Amino acid sequence: MCTYERETLPVRASGKTASGWASMTEATVYFDHPVHFAAGHALMIDLRDPAAGPSQRVALELSATSARALAESILRTLDSTPARLLSELS
Amino acid sequence: MNHNLRVESVIISGHDGHQQEAYLAQPTDVERCGSVVVIHHMPGYDAATREIVRRFAANGFTALMPNLYHREAPGASPDDAAAFVRANGGVPDERLVGDVKGAMDYLKALPSSNGKVASIGFCSGGRQSVLAGCRLPLDGVIDCYGAFVAVDPPADSPLKMTSVIGEIGALRGEFLGLFGAEDQYPSVEQNELLAAALSAAGKTFTIRTYEGAGHGFFAVDRPSYRPEAANEGWKEILGFLERVVA
């Protein structure tokens, strides 16, 4: 099933694209048919800069289990980071 | 599958006259032949779908696949283009119909055309193939596991598309539907609704449901590939085209 379901959020980030490092302004999260991951569906994350064109994208395709583990790891890492460091670039 | 063929990228006039990239494969050892518009799946104008286009030509039919994402993402890789268009909500129905019409008109104008054109679509393209067949004078319509042909998306879904079943009376050509028994979108029950609507409207149609297959069973580059269902499905497709456009 092509879900077209997605969440989009603004982000401050940099990502390494096929042409090098670039600023990313938006994240899209969705669950649909992957391009490369060997499953019918995957949790997909795109970090993008739509203003710079379709190729300004860093893409991830994850199993549901891996996606949850990654999300929890990110939160754990942030929770254990001193607040003064987090406030550097909020 | 013995025909010589020529393959090239061409520019066609799509919806609203947009000069659109398309992938054309033609058998070169026939004087006249029927044609098919290939509607790519949501992952885009990719290598696997181009292979499908070439397969039609090798079997004696001219095939043309418009790049439905060309407006937003000219020159981008198919996966980047698909991600970009997905983030914008997909391809609007009206634009899709205009792009398929552009492809149909291009095929009919070829010197080798016998004047007959069918459409085929996979996944999201399956629904789009049915939609195009309800709004354009296509001689045949093939739907390979298109979701939301017979029913709307669930009420809590953000999907913008609606079912096509209400327009099925306008379908002009013969219909072929190829589905997996294990697919949920579309499910066997949804395909039965489609069959009932086609029957009630007096349409000529064939629906095949393959056991042991789910969504995407034609996709040779994905784990959903089911060779038995795909091989049987290809026989149905080529037999259908021999009947309706050859």
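## A short briefing on the two-chain model

A nonpolar surface patch of about 490 Å² is formed in chain A by Leu60(A), Leu70(A), Ile74(A), Leu75(A), Leu78(A) and Leu86(A). This is a predicted model, in which local features need pLDDT of at least 70 and side-chain atom pairs count only at pLDDT 80 or more, while totals for chains, interfaces and linings use all residues. Residues are numbered from 1 along each chain as its sequence is written, chains are lettered from A and ligands numbered from 1 in the order in which they are written, and side-chain values use heavy atoms, with hydrogens and water left out.

**Chain A and its patch**

- Chain A has 2 helices and 4 strands, in the order β-β-β-β-α-α along the sequence (helices, H or I, of at least four residues and strands, E, of at least two are DSSP runs, numbered from the N terminus).
- The C-alpha atoms of chain A fill a box of roughly 45 × 30 × 20 Å along the principal axes.
- Of the 90 residues in chain A, 31% are buried (buried means under 20% relative accessible area, exposed over 50% and partly exposed in between, with a 1.4 Å probe and protein chains only).
- A patch takes residues with over 30% relative accessible area and no salt bridge, joining like charges within 9 Å and nonpolar side chains (Val, Leu, Ile, Met, Phe, Trp, Tyr) within 5 Å.
- A salt bridge is a side-chain nitrogen of Lys or Arg within 4 Å of a carboxyl oxygen of Asp or Glu, and accessible areas come from the Shrake-Rupley method with a 1.4 Å probe, where for residues only the protein chains shown count as cover.
- Helix H1 (residues 64–79) of chain A gives the most to the nonpolar patch, with 4 residues.
- Leu86(A), another patch member, sits in helix H2 (residues 83–86) of chain A and counts as partly exposed because its relative accessibility is 37%.

**Backbone features in chain B**

- Most residues other than glycine have a negative phi, and most peptide bonds are trans.
- Tyr145(B), in the loop between strand S6 (140–144) and S7 of chain B, has a positive phi of about 45 degrees although it is not a glycine.
- With 3% relative accessibility, Tyr145(B) counts as buried.
- Phe148(B) is found in the loop between S6 and S7 of chain B; this non-glycine residue has a positive phi of about 60 degrees and is buried, at a relative accessible area of 2%.
- The peptide bond from Tyr185(B) to Pro186(B) is cis, with omega near 10 degrees, and Pro186(B) lies in the loop between strand S7 (174–180) and helix H5 (188–200) of chain B.

**Cavities and a pocket**

- On a 1 Å grid over the protein atoms alone, a cavity is a set of points where a 1.4 Å probe fits but cannot get out, a pocket is an open set with protein on both sides within 12 Å along at least five of seven lines, and lining residues have an atom within 4 Å of a point.
- Phe148(B) and Pro186(B) are among the residues lining the largest cavity.
- The second largest pocket has a volume of about 610 Å³, and of its 35 lining residues, Tyr145(B), His215(B), Gly216(B), Ala219(B) and Ser224(B) are the closest to its centre.
- H1(B) gives the most to the lining of the second largest pocket, with 5 residues.

Conventions: Points joined across faces, edges and corners; volume = space filled by probe spheres on them.
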